Amino acid sequence: MTSTLPEEVREAFERFVTCEFTTVAAGQQPVTWPVTPYYSPGGPCIDVTTGLGYPKKADDARRHPKVSLLFSDPTGSGIDSGIRVLVQGTAEVDDENLKENAERYMRETGKKLPATTKMHPPKPLRGMFAWYYSRIYVHVRPERVFIWPDGDMEQEPQIQDAHLEEVRSGHSEEPPEERGQTRAGDASSDPRLDQLSPHSSGVLSWLAPDGFPAAIRMPFQLNADRTITVEADPAELPLLDGRACLTVHHHSPDFTWQRNMQVRGDLTQTAEGWRLIPRKVVGGFELPEGRLSKYRDFVRKGPRFYRTYRARMRQRP
């Protein structure tokens, strides 16, 4: 499908440094992560990757193959048109040959993110970080593509390969999927919610009736009662009551540092508009500024991720 898309869309796939990858976790909870996309012009899929020591993105995609990729932050891409693109697609998890995947990862990051090459430890020492360098790829085959050429996601998008009336109504002719029950928990007292305030917008994701997650970038506001007001209503992608996720992230143009976090909770329509009720706050996999800080962060995180890596290696045939 990608070869028939407009050139500016394919260029976004190829050049964006990050996109927002939404999977569906247990309990039908959408979860959105900033990731680096890898795309070859005309290729059938857009690929993302994760380490064997932190495989949740891949695990969720294997369990629920309907995923989405949102291209909404052009930082570092050199694209200034404002274009935003949402891809809803089917995921295939590739973890058969970890060595080949690791070689591919080093090759592709070196080409797309050359400034990050100096951040890697010398090759003889990379075995100490096998939890990171043993790579899993997720191949996302686009099924439906929404395009906002000027980036205004409150305007009607161009839609490729979709039943327009189904999209507009939020209804699918396919049997509807269970949307999950209200989350347990209360994150209103979590001090990390205050880290939302410097961000002017975030990526809100929710589950559509057809089982594909939807995601848009929109302005929001943290209220005095610690709920989050969604300050936009996207055209053609109706918001729905149920589990949702708000993700904020930012990174340097050369991707030598990044910050991100998620708020998972319940999206509900009130008299004042749509609100997200926080149930859980999750910190993302981050890259601190400065090479020494990065090594310290890797060493600090290493034991937990290494335990997961060892357990997964023991499960492999």
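Cys-45 counts as buried because its relative accessibility is 18%, where buried means under 20% relative accessible area, exposed over 50% and partly exposed in between, with a 1.4 Å probe and protein chains only. This is a predicted model, in which local features need pLDDT of at least 70 and side-chain atom pairs count only at pLDDT 80 or more, while totals for chains, interfaces and linings use all residues. Residues are numbered from 1 along each chain as its sequence is written, and side-chain values use heavy atoms, with hydrogens and water left out.

Cys-45 is one of the residues in contact with Val-140 beyond the neighbours of Val-140 within four places in sequence, and Phe-21, Val-67 and Ala-91 are also among them; contact here means heavy atoms within 4.5 Å. Val-140 lies in strand 6, residues 135-148, and is buried at 0% relative accessibility. Its C-alpha atom is separated by 8.2 Å from that of Ser-68, 72 residues apart along the chain.

Another cysteine, Cys-245, is buried with a relative accessible area of 0%, and Ser-205 stands opposite this residue of strand 12. Strands are DSSP runs (E, at least two residues), numbered from the N terminus, and two of them pair if DSSP finds at least two bridges between them. Strand 8 (residues 202-207) pairs with strand 12 (residues 242-251) in the antiparallel sense over 4 bridges.

Both strands belong to an open sheet of 7 strands with antiparallel pairing, in the order 9-8-12-13-14-11-10. Strand 9 (213-218) and strand 10 (220-222) each have a single partner strand, so one side of each is left without a neighbour in the sheet.
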